[in-house]
Amino acid sequence: MSDSSQYQTLSTKHLLGIKYNTSDDIKLILETATEFKQVINRPIKKVPSLRDITIANMFFENSTRTKLSFELAEKRLSADVINFSSSGSSVKKGETLLDTVNNILSMKIDMVVMRHPSPGAHMFLSKHVDCNIINAGDGTHEHPTQALLDAYSMQEQVGDLRGKNIVIIGDIKHSRVALSNIFCLKKLGANVKVCGPPTLIPPNIKHLGVDVEYDLDKALAWCDVANVLRIQLERQNISYIPSLREYALYFGVNKERIDRLDKQIVIMHPGPINRGVEITSAVADSEHSIILDQVENGVAVRMAVLYLLARTKQH
Ligand code: CP
């Protein structure tokens, strides 16, 4: 690692949410990720930075990208890795979260990466166990590493995010990606708007320093980067939209809308995509889209988070 990131540490022992981290923390993670991105593009992609560190990946909710990305990041850093998934575990027999984690920690674990459906589950754990906790998504609350990899990917495209216009489109109400993105982008000095149907935008969202736009075409014309979110049908216990067809008509990002703009914008999506609902294949697979770059950058950003948090133990 370079001299600059070798001696700096994060202000927190855990990554519970972007809300709890400083803008200096975020910048340090993004700078460190740049160094790890070089590492994972070398013929020998592995470094010994986390040798003798053991990490438990605990997923109480489904995941493709985040789970694989963390596991790969850990292995690239030479950590020992164990994986836990709630399906097929003793959670199904009624074991509590704290008992489950304490049993796993008794096997001498240094870090826990966890996805859990309950907002605040990681905060709760951090008060009861002695290891680094990394939030890989807690219900509708935060998904900090997604926001960090999104910010990293945006910076690659448009440079310093200060003063850049970023719109987050879609189901803001149920999205942990939206909340973490808002905290992260505001801390990096970006201008942030949210756009979606009124039923899917929390009434107090302006208190976070963002503007609201209900007209997708105006939002696209304003932005440098559009981060398109998935409609989270699994988190909606009532119907917030008349139909997916109507949603796609008013809030779907499609080629016609992009072609009408008089400038290039960057299109992002955290995945998984509902093709034909919030975004069409013509846009998701176009030259405007950096969706797969986001996934690539996720490994480098997660390596940076793991490396920097492991260092907090040594100080
Ligand atoms: N973006 C994201 O969190 O994807 P997964 O649910 O597949 O991890």
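**Close-up views of the ligand site**

**View 1. Residues around the ligand.** In this predicted model, the residues that surround the ligand are Ser-63, Thr-64, Arg-65, Thr-66, Arg-115, His-143, Gln-146, Pro-270 and Gly-271. Sorted by class, this shell comprises 6 polar residues, 2 charged residues and 1 nonpolar residue. The space that the ligand takes up is the largest pocket.

**View 2. Polar atoms facing the ligand.** Arg-65 places a polar side-chain atom 2.9 Å from an oxygen atom of the ligand, and for Arg-115 a side-chain N or O atom is likewise found 2.9 Å from a ligand oxygen atom. At Gly-271 it is the backbone that takes part, with an N or O atom 3.2 Å from a nitrogen atom of the ligand. Of the 260 Å² that the ligand exposes when taken alone, the protein buries 92%.

**View 3. The ligand shell and the two domains.** The domain assignment of the protein chain gives domain 1, made up of 3-142 + 295-312, and domain 2, which covers 144-291. Each of these two domains supplies at least three residues to the shell around the ligand.

**View 4. Contacts between domain 1 and domain 2.** Taken over C-alpha atoms, the centres of domain 1 and domain 2 are separated by 25 Å. Where the domains meet, 32 residues of domain 1 are in contact with 25 residues of domain 2.

Key. Residues are numbered from 1 along each chain as its sequence is written. This is a predicted model: local features need pLDDT of at least 70, side-chain atom pairs count only at pLDDT 80 or more; totals for chains, interfaces and linings use all residues. Side-chain values use heavy atoms; hydrogens and water are left out. A residue is near a molecule or strand if one of its heavy atoms lies within 4 Å of it. A polar contact is a pair of N or O atoms within 3.5 Å; within protein, one must be able to donate a hydrogen and the other to accept it, and residues adjacent in sequence count only if both atoms are side-chain atoms. Accessible areas come from the Shrake-Rupley method with a 1.4 Å probe; for residues, only the protein chains shown count as cover. On a 1 Å grid over the protein atoms alone, a cavity is a set of points where a 1.4 Å probe fits but cannot get out, and a pocket is an open set with protein on both sides within 12 Å along at least five of seven lines; lining residues have an atom within 4 Å of a point. A molecule sits in a cavity or pocket if more than half of its atoms lie within 2 Å of its grid points. Ala, Val, Leu, Ile, Met, Phe, Trp, Tyr, Cys and Pro count as nonpolar, Asp, Glu, Lys and Arg as charged, and the others, Gly among them, as polar. Domain bounds come from an automatic or database domain assignment. Contact means heavy atoms within 4.5 Å.
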